[in-house]
Amino acid sequence: MPLFGSTFSPKKTPPRKAASLSNLHLLDRSTREVELGLEYGTPTMNLTGQSLKFENGQWVAEIGSFTGDRREMQRLRKRNQQLEEENNLLRLKVDILLDMLSETTAESHLMEKELEELKSHTRRRK
């Protein structure tokens, strides 16, 4: 119980204004994009002297941006083609090996089954 009067009660603060003080919300979308700089354009990057742009979901080299010589480009394309052919050959070999393995496994299971049948047949005769 207080000695000299009522308990301490601070003044209540007034409620804040809900509306923004900025008038940008009154502008239409295109004006806001111009004012706030939301027009980014296409993303670009520069890798090893070659400029690339992102268009339609893919990175595309800009025309005239490659600074290397044509011989190097042709050599790289030829090497890429060789590697793709080698990769295709190796995939074919793997497929053939898997087919051979499955065939051998099936034959092995058949032989084991025949062996078990022969063993059970000879046991019955005894």
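The paragraphs below go through the strands, the salt bridges and the surface patches of this predicted model.

Residues are numbered from 1 along each chain as its sequence is written, and side-chain values use heavy atoms, without hydrogens or water. Because the model is predicted, local features need pLDDT of at least 70 and side-chain atom pairs count only at pLDDT 80 or more, while totals for chains, interfaces and linings use all residues.

Helices (H or I, at least four residues) and strands (E, at least two) are DSSP runs numbered from the N terminus, and two strands pair if DSSP finds at least two bridges between them. Strand β1 covers residues 44-47 and strand β2 residues 50-55; they pair in the antiparallel sense over 4 bridges. In this pairing N46 stands opposite S51 in β2. The hairpin of β1 and β2 has 2 residues between the strands, and T48 takes a positive phi near 45° there.

On from β2, 4 bridges join this strand to strand β3 (residues 58-61), and the two run antiparallel. Here E55 stands opposite Q58 in β3. The hairpin formed by β2 and β3 also has 2 residues between its strands. N56 lies in the loop between β2 and β3 and has a phi near 50°, a positive value in a residue other than glycine. Most residues other than glycine have a negative phi. With a relative accessible area of 82%, N56 is exposed; buried means under 20% relative accessible area, exposed over 50%, and partly exposed in between (1.4 Å probe, protein chains only).

W59 is placed in strand β3. Its relative accessible area is 42%, so W59 counts as partly exposed. The C-alpha atoms of W59 and M45 are separated by 9.3 Å, with the two residues 14 apart along the chain.

Next come the charged pairs. A salt bridge is a side-chain nitrogen of Lys or Arg within 4 Å of a carboxyl oxygen of Asp or Glu, and by this rule the count comes to 2. One joins E55 to K53, the closest N and O atoms being 2.9 Å apart. E55 is partly exposed at 32% relative accessibility, and K53 is partly exposed at 25%. The other links R75 with E72, where the closest N and O atoms are 2.8 Å apart. Both R75 and E72 lie in helix α2, 3 residues apart, about one turn of the helix. R75 is partly exposed at 47% relative accessible area, and E72 is partly exposed at 32%.

Helix α2 spans residues 70-125 and contains D95. D95, D99, E103 and E107 gather in a patch of negative charge on the surface. Patches are made of residues with over 30% relative accessible area and no salt bridge, with like charges joined within 9 Å and nonpolar side chains (Val, Leu, Ile, Met, Phe, Trp, Tyr) within 5 Å. Lys and Arg count as positive and Asp and Glu as negative, leaving out His and the chain ends; the place of a charge is NZ of Lys, CZ of Arg, CG of Asp or CD of Glu. D95 is partly exposed, at 45% relative accessible area.

A nonpolar surface patch is formed by L89, L92, I96, L97 and M100, with about 480 Å² of accessible area together; accessible areas come from the Shrake-Rupley method with a 1.4 Å probe, and for residues only the protein chains shown count as cover. M100 lies in helix α2 and counts as partly exposed at 47% relative accessibility.
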